[in-house]
Amino acid sequence: MIIIKNLSKSYGKNQVLNNINLDIKKGNVYGIVGENGAGKTTLFRCLAGLESFEGKIASHLNPLKNHLGLLLTEPFFFSKITGKEYIQLLANSRQITLTNIEERNIFDLPLNQYASTYSTGMKKKLALTAILLQDNAVFILDEPFNGVDIQSNLMITEIIKKLKNLDKTIIISSHIFSTLADTCDEIFLMKDGEIIKKVKQIDFDNLESEMKAFTIGNRIDKLELK
Amino acid sequence: MRAYFRLQFKMFNRNMIAFGLPLLIGYTLIPLLFVLFSNYLFSIIEFETPIYCLIALGFVSKLSDPKRNDFLKSIYNKTNYLKLRSIENLIYALPFTLFLIYKTQFLTAILLNLLGISIILFNFNTHINMTIPTPFGKKPFEFVVGFRKTFFIFPISYFLTYISITVGNFNLGVFAMILIALICLSYYSKIEHEYFVWNFNVSAKDFLFEKTKTCLTYFTILCLPILIALCICFVHEISILLVFFLLCHAYLITLIFAKYSSFPKEMNISQGILIAISIMFPPMLFVIIPLFYSQSIKKLNTVLK
């Protein structure tokens with residue numbers, strides 16, 4: 001269980017997160033939705049311990065970061081490191097010895113090629129594979145479906161379901177509502193650094209239509225398209 | 001095109017300021033250090049001119065990054081692209097050219113510029129998906145990445161050792177070893193993305209120990225052929241050789257600690273100055289190493305705690 005209490009974060013005068021309170025239960029999948037710049041990634045960075053913050057993040061896993069698999073929106077890769085070496089690097093960092101990397105390459109990635117030559121989707125799949133092989137208890141997946149082909153999208157959805165069955169905790173941010181509706185137990189709606197709504201699975205349908213009305217409204221008319 | 005060079009000049013100044021170097025000091029210090037380095041190189045090694053040219057070409061070829069050039073090709077027509085790249089390469093080669101002229105190596109200076117320009121005709125954008133094998137694959141990433149970028153230096157270094165033995169020049173042999181140390185130092189000169197530090201589930205102390213152990217082990221492996229050959233062929237100079245070998249180890253440790261002492265930012269000017277002082281006065285290492293170590297532990301604790 002992860003408890004986030006009164007979490008706030010600002011960069012100078014710019015308040016990015018404002019008084020976030022969340023209870024993240026073990027074995028559940030949580031979705032975070034919100035516009036670009038709403039504070040999703042900053043919240044993830046605070047959870048991962050990559051940012052200082054005001055407030056408190058408590059967890060039964062101590063320290064949380066050592067049990068956390070973090071998939072960044074744009075994973076970083078060194079220019080001359082192969083896919084296999086990248087997986088090895090992340091495993092080594094958690095003292096895990098991997099012997100059968102090729103067999104566990106479920107996305108059929110060209111593991112002996114330099115990761116920097118991969119396409120955006122392949123990079124994401126490689127980074128995801130690497131954190132999955134780290135034996136983490138908690139996963140933070142920042143836009144895991146971005147730039148990934150439809151087959152892999154289905155695969156990632158199934159992986160999330162499998163992780164849930166294994167009692168792992170997952171927090172996902174995504175702009176693709178259907179994928180969140182498929183996998184999440186609860187969705188948090190963020191706006192301007194605040195959680196403005198917490199929605200349980202049963203109300204997901206309402207959330208989608210509410211979000212459409214809320215985010216789109218009559219904005220498109222302002223373009224005066226002819 | 002003028003706008004492009006103006007922009008490049010602005011970017012250069014911004015980089016200097018970001019490095020913590022006020023422009024006035026930067027424009028004084030950089031040429032001064034360059035002259036000192038060039039003079040030092042010419043005074044300690046044989047075959048100094050070809051080696052100096054190789055260093056210059058290596059510097060110029062930094063502009064040949066395929067992505068960068070693809071971008072330039074996409075915004076300029078062919079003639080302007082070639083003009084622009086030629087001028088860029090000539091500007092990059094200029095300090096080396098001036099020094100060669102000062103050394104009255106006029107022909108070499110002309111040759112260097114011609115080679116500098118001809119580099120633009122080569123397309124470094126190879127689509128061959130070839131992965132350079134590395135003996136350091138088990139422990140990514142510094143030596144894996146670094147070895148692939150600089151693998152050609154090692155045969156050169158071993159060849160220099162061979163020459164040093166055949167002509168009986170011990171200094172050249174030591175230079176070959178220092179060359180490997182410099183290459184290994186370059187692997188640790190840039191700070192990695194914080195994600196790769198964050199991922200470790202060890203204490204800051206263990207993290208630094210592991211990094212240092214890997215670096216020193218691999219450096220020793222790369223140096224071993226030189227060390228053994230020089231020990232056999234220059235028996236009377238073994239003590240000097242060992243001093244240099246240990247100094248290389250000390251500087252590698254210093255750089256690793258210096259790198260993480262400003263984590264997650266790049267090393268700053270004050271750290272650079274401290275390292276420079278320690279190069280001129282090695283006993284300073286006894287102060288600098290513990291200082292950088294304690295600063296590194298502090299900085300690494302922010303993400304590894």
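Guide: Happy to. In this predicted model, Lys5(A) stands opposite Lys56(A), a residue of β4(A). The two strands involved are β1 (residues 2-11) and β4 of chain A, which pair in the antiparallel sense over 5 bridges. They belong to an open sheet of 3 strands in chain A, ordered β2-β1-β4, and its pairing is antiparallel. The edges are taken by β2 (14-24) and β4 (54-59) of chain A; each has a single partner strand, so one side of each is left without a neighbour in the sheet. On average, and ignoring direction, neighbouring strands here are turned by 20° against each other. A helix joins the picture too: α1 (residues 40-48) of chain A packs on the sheet and touches β1, β2 and β4 of chain A. The direction of α1 makes about 60° with that of β2(A).

The parallel sense turns up elsewhere in chain A. Strand β5 (residues 68-71) and strand β6 (residues 138-142) of chain A pair that way over 4 bridges. Now look at where the residues of β5(A) point. Leu68(A) and Leu70(A) face one way, Gly69(A) and Leu71(A) face the other way, and all of them are buried.

Stepping back to the whole of chain A, you will count 6 helices and 9 strands. Its C-alpha trace spans about 50 × 50 × 40 Å along the principal axes. Among contacts in chain A between residues at least 6 apart in sequence, 69% join residues at least 24 apart.

Chain A also touches chain B, in a contact that takes 25 residues from chain A and 19 residues from chain B. Helix α2 (residues 83-92) of chain A gives the largest share of chain A's side, with 5 residues. Sorted by class, that side has 10 nonpolar, 11 polar and 4 charged residues.

Chain B is built from 14 helices and 0 strands. With a radius of gyration of 21 Å, close to the 19 Å that the globule rule gives for 305 residues, chain B is as compact as a globular protein of that length. The C-alpha trace of chain B spans about 55 × 50 × 45 Å along its principal axes, and buried residues make up 26% of the 305 residues.

To finish, look inside. The largest nonpolar core has 107 residues, and those with the most contacts inside it are Ile131(A), Ile140(A), Met177(B) and Leu252(B). Setting aside neighbours within four places in sequence, Met177(B) is in contact with Cys223(B), Ile226(B), Leu227(B), Phe244(B), Phe245(B) and Cys248(B). Apart from that core lies another, of 10 residues, including Cys53(B), Ala93(B), Phe99(B) and Ala109(B).

Note on methods:
Residues numbered from 1 in each chain as written. Chains lettered and ligands numbered in written order. Predicted model: local features only at pLDDT ≥ 70, side-chain atom pairs only at ≥ 80, totals over all residues. Contact = placed C-beta atoms within 7 Å. Buried ≥ 20, exposed ≤ 12 C-beta atoms within 10 Å, placed from the backbone. Pairing = 2+ DSSP bridges. Nonpolar A, V, L, I, M, F, W, Y, C, P; charged D, E, K, R; others polar. Axes fitted to C-alpha atoms, helices over the stretch in contact; angles between N-to-C directions. Core = buried A, V, L, I, M, F, W, Y, C linked by C-beta atoms within 7 Å. Rg over C-alpha atoms; globule rule 2.2 N^0.38 Å.
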